[in-house]
Number of protein chains: 6
Amino acid sequence: MPKIALFPGSFDPITIGHVDIVRRAAPLFDSIVIGLGSNSQKSSLFTVEQRLEWIREEFSDLKSVRVEEYQGLTVNFCKQIGASYIIRGLRSAPDFEYEKNIAQFNKAMEGVDTLFFMTEPALSPISSTIVRDIIRNQGDPSAFVPDSIKRYFKK
Amino acid sequence: MPKIALFPGSFDPITIGHVDIVRRAAPLFDSIVIGLGSNSQKSSLFTVEQRLEWIREEFSDLKSVRVEEYQGLTVNFCKQIGASYIIRGLRSAPDFEYEKNIAQFNKAMEGVDTLFFMTEPALSPISSTIVRDIIRNQGDPSAFVPDSIKRYFKK
Amino acid sequence: MPKIALFPGSFDPITIGHVDIVRRAAPLFDSIVIGLGSNSQKSSLFTVEQRLEWIREEFSDLKSVRVEEYQGLTVNFCKQIGASYIIRGLRSAPDFEYEKNIAQFNKAMEGVDTLFFMTEPALSPISSTIVRDIIRNQGDPSAFVPDSIKRYFKK
Amino acid sequence: MPKIALFPGSFDPITIGHVDIVRRAAPLFDSIVIGLGSNSQKSSLFTVEQRLEWIREEFSDLKSVRVEEYQGLTVNFCKQIGASYIIRGLRSAPDFEYEKNIAQFNKAMEGVDTLFFMTEPALSPISSTIVRDIIRNQGDPSAFVPDSIKRYFKK
Amino acid sequence: MPKIALFPGSFDPITIGHVDIVRRAAPLFDSIVIGLGSNSQKSSLFTVEQRLEWIREEFSDLKSVRVEEYQGLTVNFCKQIGASYIIRGLRSAPDFEYEKNIAQFNKAMEGVDTLFFMTEPALSPISSTIVRDIIRNQGDPSAFVPDSIKRYFKK
Amino acid sequence: MPKIALFPGSFDPITIGHVDIVRRAAPLFDSIVIGLGSNSQKSSLFTVEQRLEWIREEFSDLKSVRVEEYQGLTVNFCKQIGASYIIRGLRSAPDFEYEKNIAQFNKAMEGVDTLFFMTEPALSPISSTIVRDIIRNQGDPSAFVPDSIKRYFKK
């Protein structure tokens, strides 16, 4: 049975923090699906298409990584794609408390276990929220986003 | 290259919380070494030999899991046994803060990454410290320890 | 003077975590009022009537427990019903930080003291938010809600 | 059945923070036992006799409060004195994490439930540790200790 | 080069907690600018004009303190007014986690460093959120706000 | 009146994390005293003389910074050297909780206020404890200590 993991998020947009977690997890799995959860109730800065494209471009060198959009409960999407594991990064204690409940819920509901990686110290202040704030205020986000997005903002 | 992981601790004694983490991690690795760190400065309730025996007995059904004693820096022991990953359980936010620094240090020093699993909710109050307190006060630790130790205390 | 306590919340819907706290607190008080705070600014998944009915049904065996809707500051509702104590459950450190400020405020304003109970380990991942997420996504919430709600969803 | 609660601690020495918790809890119980846990492994600044005397003096006005020394597991002492509840104050998130595990353990082992009170904001920096530091360095602890101890240090 | 610091916030309304931080920071700087960040996306209880007036009135005795409205990234406003430091109060661990990321971001982007003061224990439960809740429910906020606002509510 | 600040610690040994805080604080004060608290109850890896020498060497370029040994309460040493401020770095939430109580105590006792700086993200896993662990196990601490100590270990 192939080892498949899901890396879920809204990736609005993907940051170098996200990229680092996926690349560290890649050697452990036969396949990693980056799941872009699109929630109709939550407004986003970038379109789903744009977010998917940036992710696809960033991981074009890694055959075992692909990106897919999903809706509804994350644990249901895991079942659909055959993922037995979820991958998450942890930056801080509040991250931990939030993730703990979700991980315990996913395990209790469907037996899907979650693997956590500690964010690199230098990447820990980075979040999509901060990147969106910079972009909304005409700042330069290039220190926090991967090359695919850097190119977009330099155009 | 085989995927080898270290699960380090002092296991004085091993609890059902530890056992759960190892069994959840086992499918991800070719080999898991439970590393019993014996620190001459820290006094223990049980001898190293006793602690090793309980662990060996508990995992006799899992071919990919073995136990070894080590001294010195955990990251050095990883290099010695060829482990690219460390496995740890997380119970609480203070656990998280403590583990974060160590994980970041191990990655910075030798490139050894740490994978974290969230403790099962029902197991989160369990720790070796509490088990030792019960035993020191002639209480019954059987709700918190694996069968190998239960048998020992029923003798 | 009878000992009266308030257990406030929005109960959208009530979970087995809430039920456990009320049942543990019941022996300490002559009367417990479950106060359903209905806030016109916050949208809810279930109507106030439905939420009240589920709570009433769940505690029909406990004469000292009743449910009432209220609006405005919780501490004002305490004065209105003669409650000298508020009851709350604590699941996690973020819960603690949030509750600490409110408890200190209620004591400073009106001398109403708050009693906290620790959530049972197995119930700590449960919240109304997670239950609503399951229901919105056509999942089965029956592991997290009391019998009165289970029956409703099996109809 | 009388409602009996235990307020355990080492009280080396008792502070105005401890006193506040006992006085707030008193109206809820028929009897409160302040349990001075004397642990032979832990060295203390004041003798058990001195610590007991200060507590006795402080609560001489409250008939329902008495002090007793105990050894071994707190939960065993509860059974011995017929206490169904333990009382504790919470000052901070680390306090919370520490107390959570102990409370869950006591409930799982013997069904003894713990009630938590939030420390008054102005009392939250106070601890026996800080009082001992002041005394060891010939400072004046009178802002942090009850009258019985103030009198002792003014002699 | 004069030492200029920014104290940013939305001050909806300013509380005695905010006032305490500014007065403690004043001796360290040649000039402190209280920056009222007005965010068009976030609705406020009081108008920008009213909030500015209360702040101006409160600090009329301190020549080195003035108030200004700003929009956009806080770090950009620092550059505009020549501030090399940001001042913030810390009440709790969640405050700390939130502020840490922002402070690290501001330092990485523009070299603006942040100085933190611990909130006085007695002021730690106070926040603009709680003050707004009281006012919305026709309560009396006078224990939590400075004289300029007290006078307004007594009119 | 000159603005004098104390940066207290045991510095066993000083790390690049400590050095960063002192250099960031230096522009705000006329004089900074690095106070090496030598506590006879606590054993240290390096002698007081060695620790003082490394600090002196590291800050030989900064005229306003000097190092002194002290014993007893930190707040008493502040009075002795005329310091109105204490400087501390904050790495994590547990740091915060620990420092909060001490800062509030120092302010309540002698009116000495504490200024906190957030540790740089890349420096946050560094502590004297980790450096001592490396040295005790014959590892290379040079990534975590200033030049004065690096030279010592290369000799």
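Predicted model: local features only at pLDDT ≥ 70, side-chain atom pairs only at ≥ 80, totals over all residues.
I started with the contact surface: 100% of the interface residues of chain A are also interface residues in chain B, so the copies meet through the same surface.

Next I checked how the copies are related. Chain A goes onto chain B with a turn of 180° and a shift of 0.0 Å along the axis, at an RMSD of 0.0 Å. That is what a two-fold axis gives. I then looked for the C-alpha of chain A nearest that axis, and it belongs to A:Phe116, 2.4 Å away.

On to the extent of the interface. I get 26 residues of chain A in contact with 26 of chain B. The two chains bury about 2300 Å² between them, with 62% of it on carbon and sulfur atoms. Which residues of chain A lose the most area to chain B? I found A:Leu28, A:Phe96 and A:Met118, which together make up 27% of what that side buries.

Then the polar side of things. I count 9 residue pairs in polar contact between chain A and chain B, both partners at pLDDT 80 or more. The rule also finds 4 salt bridges across the interface. I looked up A:Lys107, whose side chain meets that of B:Glu120 in a salt bridge at 2.9 Å, N to O.

Last, what the chain A side is built from. Strand 4 (85-90), helix 4 (93-110) and strand 5 (113-118) of chain A each give two or more residues to the side touching chain B. Helix 4 of chain A supplies the largest share, 8 residues. By type, I have that side of chain A down as 13 nonpolar, 4 polar and 9 charged residues.

Conventions: Residues numbered from 1 in each chain as written. Chains lettered and ligands numbered in written order. Heavy atoms only, no water. Contact = heavy atoms within 4.5 Å. Buried area = accessible area lost by both parts, 1.4 Å probe. Polar contact = N/O pair within 3.5 Å; in protein donor to acceptor, adjacent residues only side chain to side chain. Helix = DSSP H or I, 4+ residues; strand = E, 2+ residues; numbered from the N terminus. Nonpolar A, V, L, I, M, F, W, Y, C, P; charged D, E, K, R; others polar. Least-squares fit on C-alpha atoms with pLDDT ≥ 70 in both.
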